[in-house]
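Try each task before you read its solution.

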Amino acid sequence: ACGNKASSAKSSDTQTLELQFVPTNNDGSMQAKAKPFGDYLSKKLDRKVHVTLATDYTTIVEAMKSGKVDIGIMPPAAYVQARQAKAAKAILTSELGAYDRTTGKPIEGKLRDSFKGEVLVRADSSIHSLTDLKGKKIATLSPASASGYIYPVAEMKKAGVDPTTASTLTTVNDIPSAMTAVLEGQQDACFVFEGARNVFASKFSDKDLFKDLRVLYLTKGDIPNDAIAVNPSMDASLQDKVKQAFLGMPKDKEGAEAMAMWGHKGYVPANEKNYDTIEQYLKLAAD
Amino acid sequence: MIVLNKVTKRYDNGTLGLDGVSLTVGEGEFVAIVGPSGAGKSTLLRSINRLNDITSGDILIDGTSITKARRREVRAMRCSIGMIFQQFNLVGNATVQKNVISGRLGRYSTLQTLLGLFPRADYELVDQALATVGLSDKLQERSDRLSGGQQQRVAIARTRVQEARILLADEPVASLDPVTSQTILDDLRGINRDAGTTVLLSIHSVDFAKQYASRIIGMRAGRIVFDGAPQELTDDMFRRIYTADGASGAAVSAAAEARAESIADDKAESRQQ
Amino acid sequence: MIVLNKVTKRYDNGTLGLDGVSLTVGEGEFVAIVGPSGAGKSTLLRSINRLNDITSGDILIDGTSITKARRREVRAMRCSIGMIFQQFNLVGNATVQKNVISGRLGRYSTLQTLLGLFPRADYELVDQALATVGLSDKLQERSDRLSGGQQQRVAIARTRVQEARILLADEPVASLDPVTSQTILDDLRGINRDAGTTVLLSIHSVDFAKQYASRIIGMRAGRIVFDGAPQELTDDMFRRIYTADGASGAAVSAAAEARAESIADDKAESRQQ
Amino acid sequence: MNNEIQHTSTLSGPSSRRSKNAVGVWGQRISIALVALIVVACFATVDYGDKAPMSWPTLTHTFSQLLRPDWGYVYDGSGEDLVSLMLQTICIAFLSMIIATVLAFPWSFISASTLWPHMPAIPVAAKFVTDILRAFPELVYAIVFVKVVGPGPAAGVLALGVHQIGMLGKLYAESIESMDTGPAEAMESVGANFWKTTLFGRIPLLAPIFASLSLNHFEIAVRSAATLGLVGAGGIGAPLIFAIQSRQWNRVSILLLGIIVVVAAIDAGTGWLRKKLL
Amino acid sequence: MSGSPIQRSAPRRALSQTVHRHLWRNLATFALIVVCVLGASSVTGTSLIDAFENADQAADFFSNLLHPDWPYFAKLWIPLLQTIRMSVVGTVLGLVFAIPFAFLCTRIVTSNRALTAASRIIMDIVRTIPNLLLAALIVAFVGIGQVSGILTIAIFTFGVVGQLVYQTIDTVDPGPLEAAHSVGANRTQTAVWAVAPQVRDDIASYALYAFEINIRASVVLGYVGAGGLGVLLNSSLSLQRYDRVSLVILTVLVLVVAVDWLSGSIRRRLR
Ligand SMILES: Nc1ncnc2c1ncn2[C@@H]1O[C@H](COP(=O)(O)OP(=O)(O)OP(=O)(O)O)[C@@H](O)[C@H]1O
Ligand SMILES: Nc1ncnc2c1ncn2[C@@H]1O[C@H](COP(=O)(O)OP(=O)(O)OP(=O)(O)O)[C@@H](O)[C@H]1O
Ligand SMILES: [Mg+2]
Ligand SMILES: [Mg+2]
């Protein structure tokens, strides 16, 4: 009798899904709200979805490895690590607004599922090429950040300058700090994501980022956006349901609102190949 | 001159430490306060230099009320009032020398104290004071490594270097052997005679009180029950101070009465010789 | 029976607390230890129940060496050795009752202690002990709110409830008035006579020592310089104990010698009557 | 000055004592000099020019934003407002403090050297264990516990709790080592064993100290909630980090205000409790 | 014994007259704590059983740390020195301000209640600001770099040590204070002469305690471009180089043990 009772209980056979979101670039419009997203997915998947926000890349990889996170929305570099550990399988990639690559301004209505890294210097700086960065001071983000470290470092190495030995790298917490350091002359250059000047313009009340900062270099390699990855052990029908739920979000008012809080504009199916570049670059940048 | 005017002290827990005490002590007197344990002797002495705030009444030192004085004034007044504590109140992990010289803190500027720059003469004073109490060899010892009596003597030396005009001593010889006690009391009498320092001490030994004091005050249960010259402290008086309606516990009082009587008798006997 | 065999105690800082002391105290004796401040009285008492480890020699309690005993044995032995401390050693923020009942801790199981489940009879014992020292009304008072003498009496009550066979008392009446002192000492003598408890006390008042003790030990500078019946403590002996080659500071000794002489003379006089 | 007196000392003790003291004094002087040297060297080698000139517009902008807290965030019923998240943070901090206290308390008795005069190895080993616990940064614990129990407040509780065992264990042990031993001695003299001595002679004296140390760590745990935000372990951490990263000073300001109010309340509680226990 | 009146007055001894005098109050307090714990566990969803069931995951993580990348030490020691330097300077600066301020927070140096209360509030606020936020604010003002790191550490130390010190001051033996008052010492003199000796070993140990926290705090400070071990720890962690993480933690452990030993020996000497 007991067994029957347990199996008839509605919620006990449909376990709570754990979703964690680690944003690649906090572009300032992002709100630290997890509930709307969770509520939306709960409704669509017909089971409880618990959503958490985090900023540390390590945790999500470890938590996916241990099976404590079922769905991870994570930066490409973190996804690559989780993939190597056979703990994650990307089903979707998020889409963000695209930027005009000459002006650095956003292009209305155009979406992209990848972005690039930028090397910013002061507008009046004498640095005009990657090789000029030799012996200079550069502010970077964490070495696990694709745009803020991996891509520019790898491409500099390709260009014949190894910034880890030839330049002085300083790790900073966030992009505004890095840009301030460049503006104030503390650092000669900084590695940021494409469009950073646009995103943070409003945070600099006394400076015009577009006038005072110049894009020295835009990485050649494309960086895929956030990967929406699931645990490979998740059963196929559920994987599909998750995929459909995400793909349906932009068409649904509630879904669109939830997405907007995180700055996502849409989702497209993931292409594992796009992430292979990161894997190569990661190796290149690390040693 | 010390004048207490209807001084009452009630502790926070309701205990009545002093119960309407009025008292005048003249310049240069040597007054001994006796009384059973818990009578309020310590409370009285501590009220005089305002270590206790009193509940009502007034205390005047040379005509100035210490109870109403502002902080700076209190400090100035305390400068010339020395105090020997029943529990010594030494800084355990400081040296004897440091403890003794702290008696002169009231005379130094704050800056001087911060830097520890004291005159050589003062250090010599410390040495002298320690010699008087027989502790020259413990100068640089930590004070918590001393025996009970040695600690008490350090506390006495501290008060000596203060060179105060009024000396309050709360059982200064309780932990001392008879010979050292006499040395200390002789010394207090010396200060009293030579420098005209007013001395107020609480003491358990009635014999010592009679031998040294020019005036004896008997307390019990927060009140003064005797005040007179040593020779006026008759056996009857002795009995009245130490026994009565159960201030230190009803159970003990009957037996105590008998005992007080026998002590009084002893004294009477020895006086007759 | 307590036997000390060439006991030497040197403190970490080099001070010699005891210097080859040999001593035998029989069952049921009432021994008073006298001597100048710093003579080693506290050290001696504390060594007997091994609160001090000694440097060399041996101490036997009823034939068992406490110095060599293992910890469990020491504990069992201490159960029957009561101790009154010179500095009281009360838990300041605990009530008088809790402090007193802690005297019986050696008899309870750990679980009982944890739950605080003590027999009703023991609480009555606490009440009686407090009544004996005249503190019934302070049962639930915090012990740091008591006067010096009251604290000493709480410490005495704690030892009373222990019902030990050997009692070590370090200046149990130093902070007490003469009447209370007599009450306490009478009480100790009562325990000594009725229950055959061995009592070893250090005391500054030679008069009390003579009045109560069946044997007096005089110490100075860590050595025993006198050991005999009260009547054997002659004036000459008194002088030898309290004055000699400057153990408590050379400066004071000459004056002290004179003073000891005068005290001895006084005594001689009063005895003549 | 002092030298003069030292000759007059009559009880000059054995010569070994003097030389031992001399070594002690010199040892002390040398170590003080060494520490002073290190401190001076550290101060001297810092590159003080390595900073940006203060930019007044940024300063005034930041402060004007900070002074305009985002009141709308205080409560909006979504469960992700200041009040709800703060409550969660308080619960995380409280539970972690309880866990740490319960475990550090017995451990501190094992690691207090004064309680083990005959077995000095035991406290040394026990202290080493707390040292290891402290050597791991909170972030590492947070990662581990997210891995163990999944993201959420539970991971936060465990991470902070384990980290604080090490911190509290050390502080507790040090206060045991420096406490007044008189009362414990009195209990020992009646034949009480270690437990009874501790119950009657140590705990009453330690209770106020331990309580205030624990409550201090309650506060520290509230502050540490920010670290937990890094890993998604619940509380106000994540919103705080997001707000800082995107320079939303008015949001930062309201979050900070929340923390201040809570910590001030805990502080008041601490004060009251200490007064009661002392 | 002659306690007859007492025996009569206490024929039955209620629990309330024994050591269990405050039994009900104490039980109620205990119950309150239990209720709070239960409430908090339900809010946070903490279940120890869950944690123990998955303990193998923790073991899995820690097993990664068993093989430190020893050669990496060649790259580690400069950040190590930076960390130590930052912590030393920050701690000393923090202490220099914290100690006098802690005295201000008590009634020992000032009788001005408002001043005391204000000092405590200031200390509370300073202590309250999370390190990350402190770092962000300081970076906004003085930019990235060592100076910011040091300032962050100093401010943090100020708050933490200040509070510990003033709480210690509140519990010192009042006897020596009275003695100092009785000779007419003013409040500063009392603080220096009677309080400081009593709290100096505690201050020493709190200072070292703060120093130790600061060494670990450099993990956070890595974020402000101040360099140090924290940066290495963070990057090794996020690149899943656990062999390096392990080496960093071992280094921190050595520092922690050293500081602990130093703290112990200072306290032994002063005791
Ligand atoms: N903990 C200690 N460390 C170092 N020396 C000590 C310590 N305790 C006592 N001494 C020294 O040992 C000697 C004997 O001390 P003890 O306490 O036994 O004297 P006492 O006879 O009890 O004196 P008193 O009557 O003053 O209490 C003294 O010179 C004292 O300074
Ligand atoms: N801090 C305090 N709080 C409450 N009551 C106190 C406090 N200090 C003393 N008392 C009480 O006040 C009364 C008088 O105490 P006081 O210390 O003046 O006595 P005393 O005459 O000095 O006694 P003793 O000779 O034992 O030292 C006692 O009953 C005592 O219990
Ligand atoms: Mg008194
Ligand atoms: Mg003694």
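**Exercise 1.** How are helix 6 of chain D and helix 7 of chain D oriented to each other: roughly parallel, roughly antiparallel, roughly perpendicular or oblique?

*Solution.* Before starting, note that this is a predicted model, where local features need pLDDT of at least 70 and side-chain atom pairs count only at pLDDT 80 or more, while totals for chains, interfaces and linings use all residues. Residues are numbered from 1 along each chain as its sequence is written, chains are lettered from A and ligands numbered from 1 in the order in which they are written, and side-chain values use heavy atoms, with hydrogens and water left out.

Step 1: find the helices. Helix 6 of chain D covers residues 138-149 and helix 7 of chain D covers residues 153-177 (helices are DSSP runs of H or I with at least four residues, strands are runs of E with at least two, and both are numbered from the N terminus).

Step 2: read the geometry. These two helices pack at an angle of about 140 degrees, and their axes are 8 Å apart (axes are lines fitted to C-alpha atoms, for helices over the stretch in contact, with angles from 0 to 180 degrees between N-to-C directions).

Step 3: classify. Angles under 35 degrees count as roughly parallel, over 145 as roughly antiparallel, 65 to 115 as roughly perpendicular and the rest as oblique. Helix 6 of chain D and helix 7 of chain D are therefore oblique.

Step 4: look at the residues. Among those making the contact are D:Tyr141 and D:Phe145 of helix 6 of chain D, and D:Leu158 and D:His163 of helix 7 of chain D (contact means heavy atoms within 4.5 Å).

**Exercise 2.** At what angle do helix 6 of chain D and helix 9 of chain D cross?

*Solution.* Step 1: their axes come within 9 Å and cross at roughly 45 degrees. This pair is therefore oblique too.

Step 1: pick out the contact. It includes D:Leu139 and D:Ile143 of helix 6 of chain D, with D:Leu228 and D:Val231 among the residues of helix 9 of chain D.

**Exercise 3.** Which strands of chain C lie at the edges of the sheet?

*Solution.* Step 1: write down the order. The open sheet has four strands in the order 2-1-4-5, with antiparallel pairing (two strands pair if DSSP finds at least two bridges between them).

Step 1: strand 2 (16-25) and strand 5 (64-65) of chain C are the edge strands, each pairing on one side only.

Step 2: check one pairing. Six bridges link strand 1 (residues 2-10) of chain C with strand 2 of chain C, and C:Val3 stands opposite C:Thr24.

Step 3: Helix 1 (residues 41-48) of chain C lies across strand 1, strand 2 and strand 4 (56-61) of chain C, at about 60 degrees to strand 2.

**Exercise 4.** Which residue of strand 4 of chain B is the bridge partner of B:Asn5?

*Solution.* Step 1: strand 1 of chain B pairs with strand 4 (residues 56-61) of chain B in the antiparallel sense over five bridges. The partner of B:Asn5 is B:Asp58.

Step 1: turn to strand 2 (residues 16-25) of chain B, joined to strand 1 (residues 2-10) by six bridges. Here B:Lys9 stands opposite B:Leu18.

Step 2: inspect the hairpin of these two strands, with five residues between them, where B:Gly14 takes a positive phi near 100 degrees.

**Exercise 5.** Which pair of chains shares the most contacts?

*Solution.* Step 1: of the eight pairs of chains in contact, the answer is chains D and E.

Step 1: compare chain A and chain B, which do not touch; their nearest C-alpha atoms are 42 Å apart.
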